[in-house]
Amino acid sequence: QAILSLSEAPFARRCAARLRRWVVGEGVLFMFAAVCCCSTSSCRDGEDTADGDTGVTPVAQQETIQFQQLPLEAITPRSVAKKDAPDFDVDYDLMGSNFKAAFQDKMAEFKAADSDQKRAEGRSATCRILVQKSFEYHNTVTKLRSIKVMPRRGVPSLSREMFVSEWSNEPDSNEPASLERRSSIASTGSISEGTPSEVSSNYSDKTNLKSSEPEYEPPVKNSKIVNITNWGCLVGKLLYCQVMNFWAITHKLTVKRRWEKAQQGGLWVRMKGRARAVVDQALTLSKGVAKEEDVVHSEWRSEGLLTYLFGGEYSDTLMLLAKAGRKLFLAQPMVVEAAAPCKIFGDLHGQLRDLLMHWSVFGAPSEHGNLSFVFNGDFVDRGAHQIETIGVLLAMKVLMPERVWLVRGNHEDQAMNEKYGFMDQCLERLADGFGQKVFELMQEAFDVLPLACIVSNRILVVHGGIGNGRWDVNDLRAVRRPVRLDHGWLFNILWSDPIDDEDPVNNGLSGVHPSPRTGTAVQFGWNVTKMFCAKNNLSLVVRSHQVKNQGFGFEVMHENHIFRVFSARDYEGHANDGAVLSVRLCQRHGVTSILSVRAQVLSSVTKLRPEPETIVHKLSNRKRRPSVQK
């Protein structure tokens, strides 16, 4: 209420001029008046700007800029500028004799409410996130889905003893009952909506899941660093709960107003019909792919796929989707916010078939549903169907702009696209000179993509990592578009990697260290992650960017504060599974607002294929049998 009452610039200037004397003890109030004064003019100027992110600048910059424009009399009370001047409370109170007391009461009420809310959020940051100890595993050969237990290091074993429940993917009207008979896991929920065979995340934490892996003893961490990190986390949480960031609040109001104006009309609104047709074709294709024999994406041959998805004039459709997507990205903030239930996808790299398989097995998008989708960067490069993949994702964004979120990765960059294949594919597959135009429009859309997504106020989704961790989410919100990765901290959001603190080779390594990727990229330790989450009131950081040979497509590290997800299977010969993360609200110990995070895994094709020697042996047996019978 106090913010809305001070939203007019002249009134805020008078606040800054007349209240400075008595707010010295309440230092944030003077800053508040100055921020309202600056952010109001920035908001109004930004409303009429179609291109570029017109979000207001950080508080420190606003104060400097604004005070340079105002004369000394406008920011200094007369009783301070002239010592012999009478008290302004009596002779110069231009806003009413009771304004001071009323303003103090309003601000005290606002601060108390904001502090209580932040304390509640701070408590939820540690107790309302449940990283599931089990994950769902879909065998694409047998068409069976299983529940596996996740060992301590987040690298699941391939032992069959880890299969604790198993069921068919075929639709069954008595699915809940049959699942209960076949599963040894005690579940308190029902089958999830939208996917007949998806298990609810409401599993008891005391589930008797046994792993064949031996007990793993992680390296012992330095006790001094552990103590310093714990104190840093405590200070970060206290600062978040006690300090009000008025710039962040006014920025949210600016973004809200900009989005309301964008919804009144625009290219993306007119493109919804075409986008709906593209998504419908992709959903139909996903149903057919699920019935086929599973193959590596590079072996999948689907002739005329561009025409099937985007129509005869597919070049025009792709260009319009790129333009509409860019307008949408500009209308939404740099840090977007998604709500649970939510699916978080990792790198796709143009492997459209894996995207369709994930839809058919774990849940497809629906225009009238409530399931959100977050795609965490690296949509193109290296894959066989890069154009189709980015086209389908942009169509999803245009059709469901508030439930589909695209986050920028390190491959959403022109230099990377020229080197790793996206530009070549555009020029080769889009004839009549449209390839270069489509490529340029896609680059314009990539340059304004958001850099992060926050899920239910507690999970931060970035492509690479947090770098040195010396920035906060509000710094990221203030970044202007188009984004140029000149600053090291922005570069590391897309390129940095975490250090595996439980790897004996690293021996519990902490801090920030150079990365072997590039000279600017860094690797960050477990203590950096914990303190970053504490000062930003986060419980989990979800990242992608890395794939491990023979891996399951996901990994948990840094004391359950980092969750890596990679969705492209058999990427570059790594024989890895593809995973997505399912974030759902579940009930646990009487508390209904717990976020459950569980990995859902599609099996690798090359892992399940028999060895070449085995195939030769079987063929030789088949040749011998007829001769023996004769």
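Helices (H or I, at least four residues) and strands (E, at least two) are DSSP runs, numbered from the N terminus. With those labels in hand, let's start the tour.

**Before you click.** Residues are numbered from 1 along each chain as its sequence is written. This is a predicted model, in which local features need pLDDT of at least 70, side-chain atom pairs count only at pLDDT 80 or more, and totals for chains, interfaces and linings use all residues; side-chain values use heavy atoms, with hydrogens and water left out.

**Stop 1: colour by confidence.** Colour the chain by pLDDT, the predictor's confidence in each residue, from 0 to 100. The mean for the protein is 74, and 65% of its residues reach 70 or more. Now select residues 15-96, where the pLDDT is below 50; beyond near neighbours in sequence, this stretch has 124 contacts in the model (contact means heavy atoms within 4.5 Å). Residues 154-212 also have a pLDDT below 50, with 131 contacts beyond near neighbours in sequence. Where pLDDT is low, the predicted coordinates should not be read in detail.

**Stop 2: helix α11.** Select residues 246-262, which form helix α11. Buried residues here include Phe246, Trp247, His251, Arg258 and Trp259. Buried means under 20% relative accessible area, exposed over 50%, and partly exposed in between (1.4 Å probe, protein chains only).

**Stop 3: threonine 317.** Move to helix α15, residues 314-331, and pick out threonine 317. Is threonine 317 buried or exposed? Threonine 317 counts as buried, because its relative accessibility is 5%. Show Met271, Arg274, Val278 and Phe310 too: threonine 317 touches these, not counting residues up to four places away in sequence.

**Stop 4: two cis peptide bonds.** Go to the loop between β5 (335-338) and β6 (342-345), where you will find proline 341. The peptide bond leading from alanine 340 to proline 341 is cis, with omega near 0°. Then jump to proline 482, in the loop between α21 (473-477) and α22 (488-495). The bond from arginine 481 to proline 482 is cis as well, with omega near 5°.

**Stop 5: leucine 348.** Select leucine 348 in the loop between β6 and α16 (352-362). At 0% relative accessibility, leucine 348 counts as buried. Which residues surround it in contact? Leaving aside neighbours within four places in sequence, the contacts of leucine 348 include Leu355, Phe375, Phe379, Leu393 and Ala568.

**Stop 6: a helix pair.** Show α17 (residues 386-399) with α19 (residues 422-429), whose axes come within 9 Å and cross at roughly 95°. The two helices are therefore roughly perpendicular to each other, a label used for angles of 65 to 115 degrees. Gln386, Ile387, Glu388 and Ile390 in α17 meet Phe422, Gln425, Cys426 and Arg429 in α19.

**Stop 7: two positive phi angles.** Finish at glutamate 559, in the loop between β15 (554-557) and β16 (562-565). Glutamate 559 has a positive phi of about 55° although it is not a glycine, and it is partly exposed, with a relative accessible area of 38%. Glutamate 572 sits in the loop between β16 and β17 (578-588). Its phi is positive too, at about 50°, and glutamate 572 is not a glycine either.

Notes: Axes fitted to C-alpha atoms, helices over the stretch in contact; angles between N-to-C directions. Parallel < 35°, antiparallel > 145°, perpendicular 65-115°, else oblique. Expected span 1.5 Å × (residues − 1).
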